[in-house]
Amino acid sequence: TKLNFSSALEEERHVRANDRDYNERFSYADNRIKTAKYNVFTFLPINLFEQFQRFANAYFLVLLILQLIPEISSLSWFTTIVPLVLVLAITAVKDATDDYFRHKSDQQVNTRQSQVLIKGKLQNEKWMNVRVGDIIKLENNQFVAADLLLLSSSEPYGLCYIETAELDGETNLKVRQALTVTSDLGDDVAKLADFSGEVICEPPNNKLDKFTGTLCWKDNKYSLDNEKMLLRGCVLRNTEWCFGLVIFAGLQTKLMQNCGRTKFKRTSIDKLMNTLVLWIFGFLICMGIILAIGNTIWEQKVGSDFWEYLQWKELTINAVFSGFLTFWSYIIILNTVVPISLYVSVEVLRLGHSYFINWDRRMYYSRKATPAEARTTTLNEELGQVEFIFSDKTGTLTQNIMVFNKCSINGKTYGDVYDEFGHKVDITEKTPCVDFSFNPLMDRKFRFHDSSLVEAIKLEEPLVQEFFRLLALCHTIMPEERNEGELVYQAQSPDEGALVTAARNFGFVFRSRTPETITLYEMGQAVTYQLLAILDFNNVRKRMSVIVRNPKGQLKLYSKGADTILFDRLDPSNEELMFTTSEHLNEFAGEGLRTLALAYKDLDEDVFDEWMKKLLFASTALDNREEKLGALYEEIEQGMLLLGATAIEDKLQEGVPETIACLTLANIKIWVLTGDKLETAMNIGYSCNMLRDDMNTVFIISGHTMLEVQQELSKDKFSSGLDMEKTELYSSDSVFEETIIAEYALIINGHSLAHALEADLEQILVDVACLCKTVICCRVTPLQKALVVELIKRHKRAVTLAIGDGANDVSMIKTAHIGVGISGQEGMQAVLASDYSFAQFRYLQRLLLVHGRWSYHRMCNFLCYFFYKNFAFTLVHFWYGFLCGFSAQTVYDQWFITLFNIVYTSLPVLAMGLFDQDVNEQYSLRFPNLYRPGQLNQLFNKRKFFTCTLQGVCTSFILFFIPYGAFMTAVRDDGAHISDQQTFAVTIATSLVIVVSVQIGLDTNYWTAVNHFFIWGSLAVYFAILFAMHSDGIFTIFPNQFPFIGTARNSLNQKIVWLVILLTTVVCIMPMVAVRFIKADLYPTQTDKVRLLQQATRKQGPQEQNLRRVRRTSSRRSAYAFAHQQGYGELITSGKNMKVPTSSTSTYPLYSPTRGLTGTSSASICKCFRHQKH
Amino acid sequence: MMASSYSAKEEDGHHSGSAGLGGTAIRTRKPDNTAFKQQRLPAWQPILTAGTVLPAFFIIGLIFIPIGIGLFVTSNNIKEFEIDYTGTDMSSPCFNCSQSFSWNSTTPCRCVLFFSLDQPFESNVFMYYGLSNFYQNHRRYVKSRDDSQLNGDERSLKEPSKECEPYRTNENKPIAPCGAIANSMFNDTLDLFYIDPNGTQTQIPFIKKGIAWWTDKHVKFRNPSSSNPNLTAVFIDTAKPVNWRKPVYELDTDPENNGFINEDFIVWMRTAALPTFRKLYRIIQKKNNMTPTLPRGNYSLEVTYNYPVRSFEGRKRMILSTISWMGGKNPFLGIAYITVGSICFFLGVVLLFIHHKYGNRNNSSDIPN
């Protein structure tokens, strides 16, 4: 994504509404977005330019030019141009397709329609034609086209609701309110057209939660903040219409500014490969220099005497100049050590691996019909080297569905299912559900398995009834009932939604509310409660209460909140119940459930009256109002009676704890970066087994200033450092990170992270964090997520992987070496920015441990073999140089040189690179530490490179000198001479092809039919082409191009030639076999062992696989985390968010409840805020 | 890239709404369950274990050693006689010829060398000339030829390839055959005489056809306009190579062995791979089973010394050799086979020892996790 750099210069933005001429003076970005790189005309030049910027391509171009100089040319031009054109064409086609899709998506977005107020009329315009300063009208469920200043809306008080999932990943609705002066404009087009306010505000930036500006209109100034902004990427919800003034457009919107720069991601192998290619290049030059010096000396000592037979065209050429020319000639001949087909082959392999990922049925999520997708084809082998995983929480680890799972009422738990013998039964999909058909207002998606609770309800046990009555009364949810009985709740927090839905199903249906009343249907009967006060939630109180008067006139206070808080405020008579409930809470928490305690209190009329007076007084207080109110709340929430507790399951995605455990065993560190609250994040940490009770310490960093953070961090560092020293005493020899027996966890808050990420503290942060088994960062912004990833990338030089599902994860996904998007959850932002996408977190295990490991293994084997092969192939020329007067004479036929890499030896190694499996998928998953070699970079590194090139050098030496020895005096069996150049060439070439074929056979662990076909086929093709090119027919057509006529026939019918080939092959191969055998026998690697085991079990036949089950061992009480913000109570009691009951369903006749959501309909209850209709 | 997602989301919403669509989508998007796509292709998975590696070493050892012995014995049974006639030594009969060489001299210099064979050469004897330190494999040398011309192409005859420079034209006439290789063709004449114990010299009859590869003689080399038997006319507008004493159409009197298809010429044109090489010169056919082709005794080699090698310290040799199924005398291969076979066998023993002593045969049990 291109950033508009003019924004860097902009210091202040002036926007005048409805005045395009004025706004155009500043040349703000328009609302067109452009992510494509080329157009039809620029494609060829730009693409070629880009391609020739790549070192390899430029190198081959230079070679090609060199080859056109006859004095230098030791090979015909076609040996280079054929592969080069092939490479360029393949890359160009790929780039063109990519760009075509970018064009298409840009086009699609740019041509979306929006209603713009132009010349006093609302007109439909394409998004790209929207300008800064335009007023546009949005309708319900539309995407916001640009960053807007909210002017007016259909709702009272200029309120409107937006969903910001695309921006920050939070799924709860947010309220935006227009200025009163502008909300008075309403939907009066004439008035809006006359609106000429001027906004002066900050320049474009990427801060999603901040906006400062002023609106000047009619000589008045109004201050503007983020609460009045609708950002691009949001969706308008529950608001019939609204009008907004475009402040930032297109690339300058906060969404686009937050995208982060798209960097071209390259794998570490890529980088290593480039270094190695440079080294090889250096080596090539060295060889060239040696041979050139040799040539100079030869020309002086021998060549000048040989003049009679071998003259230069120009007699002026001296030995030194000849050496210089020879240098270039040798560069051309030896260039095959840097094979052009290397890059193409690597691309092909990666493409193949990507397809295997796309095709994997085990990464296909049938419920959403989403297969895994490798969106980039360049990173596959890096999947086998990941050391750090950065994961988002909501939607990635969790399903973002809250489910009422269990409860404890008056000391009795409900929710577990027992069989006839009294044993607890695991709840599965098949467990029968409780039948709620007695209740016509039930929510059909609600599932509960324990029928005893319904029986208790039917028996009208008073406390059970009171329990659900509390749940139905004490909340800030807005109901919507479009048709009779079709209730939809709009909750800011999914927890509340789950609780009220539970109450609804158990017969306490919250049906409607006004600012003063709440109407319940209790077991089918309408009961209206007077709502006297809402004692709202905030972070300190960690509880909320309502005070209601029931139809009988009794005053009741209902309260729900964190158990620790509530238990302190109970009536002393409740102590016994408190203990039992406390035990139950422990039990729930142990299962990873989010708990909440419930209590009630009967209020005395007089006491309440007095309190109410104080409350009214306090609420009008000018200073310290919050504290005064808090104290008052505290006063009345005393001496409550415990009712019980609820347990909500923040449903993890399937297999998350198992996956995390498995990945941890593979020595991958998993960090959770979430925008959620500390409590929520910790809760999830416990339920996915990342945090455990047996951990030594869980550090929580939540300082607000630099100093505090520093202290907290260094304190931790100090203490953990002490432990580290201790452990080092025990085992000082091994890597310290592994010797730490003590386990730590670090949880760091967003604002602390902001400080910790500053230059002074980041080193400490990295040190501390890396000592910890688990790191959780909560309340972090999208950009901070990226910064954390960046930090680890910089300090640890480890491969990082970021996984997320929302737009708030985009920057992190783009920053990490590998970005993975969870598809099918909240929009597509993350997926579009990602390199890989799939539907479930648990597929990550397979992606890394199976596909990643295989890819890495294959790629490394491929590279080793490739370098070996090319060294063996090319260096024969080097040795020959010493015997042919350093004249750059090739050993082989030109055609052989042209075809060797692209025809004779490409397919077997490609087949190996595509299909090889050292260990099959079951074993890869069963032994996660097979992943270790990838992280340690063991399979291909500089040392490996040296060994395989050395092997290549030795092979070339043998390949040259055994035929040399044999051909010194050899003649054919009919006496004719055979030690001619062409026979020599054919013998060495044939030996080479056979040797490298045997070698690939040794390197192939997994011989599929394709491998067989390619290996044997390559040999067959070699001989076929050999005989074809040495045939009479082709010679008579092109006598100059195929001078090897008859050589194959005349040499390969000689026994001696075959004896030479056999000897050469054995001498080249057997040492390698011996070395490999010894290595595997004496120092077997993990892989060797598993392979043996695999072979042994294969012989025995398949065995039952033992599945790894992860038991959750946490006994931590999960504190109740209201996921919503404070202040909704006030909105309700003031009635601001209640709609005047006039307009309603008629405007939306075709309104479907789940429209715009991805089908997670139970989640949609929590996500959608809709109008109350009455 | 970013913004395109909005629409995608909307579309998703619609999709989930319509059940029928969803059903077909499932079928189309689910990857096929084929062994190939699921990477479950049946495969042979060999592992280098003691059971496979050790026998391989022993088998190779056991095969190679006999082959080596066979080769060695065969090679030793081949009779070969070599004589250097370069004439660098003062004592050598060819000393004068080698010293007083000039390309322009009209009278050929002759010298005679005497030698004796200790053993009779049975069967056919092949006579080679050997050159040392002669870089027939130098790049500029190797490419300095025009295969089209040699193949009888009329156009190339008139206008030889640029590769032939500087032996392309002479006095504005195209050289035929052009190029450095042809120009430097070996042109010594060797004659062999058997000296009876009574002193009579009998010339040994040579066969000079059949010394080149069949494909070279019949496919690769052809005279221009082969229908025209008059080679003089065919080559009328061409010049002879600078160093040649006579033009290409006078190489032999036999029309089947003249011009480009002269076998001495063809043999020369097949450039050697190494700077020391031998090329077949003549064949001495076995007469009958009773008498050896070359009986024991004294011989004289009469050399018409035309080919200068002194400037680059080259050597010229004449070689007489018999032939076996594996070609000429070649001790290298036999020794190499015996050595490699022994080493393999020995390695097998060593590996067996190491494996038994230190190898961990049951090491799959201690895999962590």
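How many residues of chain A are in contact with chain B, and how many of chain B with chain A?

Modeller: Happy to. This is a predicted model, in which local features need pLDDT of at least 70 and side-chain atom pairs count only at pLDDT 80 or more, while totals for chains, interfaces and linings use all residues. Residues are numbered from 1 along each chain as its sequence is written, chains are lettered from A and ligands numbered from 1 in the order written, and side-chain values use heavy atoms, leaving out hydrogens and water.

Now to your count: 142 residues of chain A touch 115 residues of chain B, contact being heavy atoms within 4.5 Å. Together the two chains bury about 11,400 Å², with 62% of it on carbon and sulfur atoms; this is the accessible area (1.4 Å probe) lost on putting the two parts together, summed over both. Two salt bridges are found across this interface, where a salt bridge needs a side-chain nitrogen of Lys or Arg within 4 Å of a carboxyl oxygen of Asp or Glu. One of them joins the side chains of A:Glu299 and B:Arg140, at 3.1 Å from N to O. On the chain A side, helix H39 (residues 1055-1082) gives the largest share, 17 residues. That side divides into 70 nonpolar, 43 polar and 29 charged residues, with Ala, Val, Leu, Ile, Met, Phe, Trp, Tyr, Cys and Pro taken as nonpolar, Asp, Glu, Lys and Arg as charged, and the others, Gly among them, as polar.

On to the cysteines. A search of the whole structure gives three disulfides over all chains, each a pair of cysteine sulfur atoms within 2.5 Å. In one, the sulfurs of B:Cys94 and B:Cys111 lie 2.0 Å apart, and 85° about the S-S bond makes this link right-handed. B:Cys94 sits in the loop between strand S1 (80-84) and helix H4 (95-99) and B:Cys111 in strand S2 (109-117), so the bond ties together parts of chain B that are 17 residues apart in sequence. (Helices, H or I of at least four residues, and strands, E of at least two, are DSSP runs numbered from the N terminus.) Relative accessible area is 0% for B:Cys94 and 3% for B:Cys111, and both count as buried: buried means under 20%, exposed over 50%, partly exposed in between (1.4 Å probe, protein chains only).

B:Cys97 and B:Cys109 are bonded at 1.8 Å, with a left-handed link at -85°. Here helix H4 holds B:Cys97 and strand S2 holds B:Cys109, 12 residues apart. B:Cys97 is buried at 3%, whereas B:Cys109 is partly exposed at 25%.

B:Cys164 and B:Cys178 bond at 1.9 Å, and this pair links the H7-S4 loop (between 154-158 and 169-170) to the S5-H8 loop (between 173-174 and 180-183), 14 residues apart. Both B:Cys164 and B:Cys178 are buried. Counting bonded cysteines along chain B, the pattern is 1-4, 2-3, 5-6.

In chain A, A:Cys407 is buried at 0%, but its sulfur is too far for a bond because the closest cysteine sulfur, in A:Cys433, is 16 Å away.
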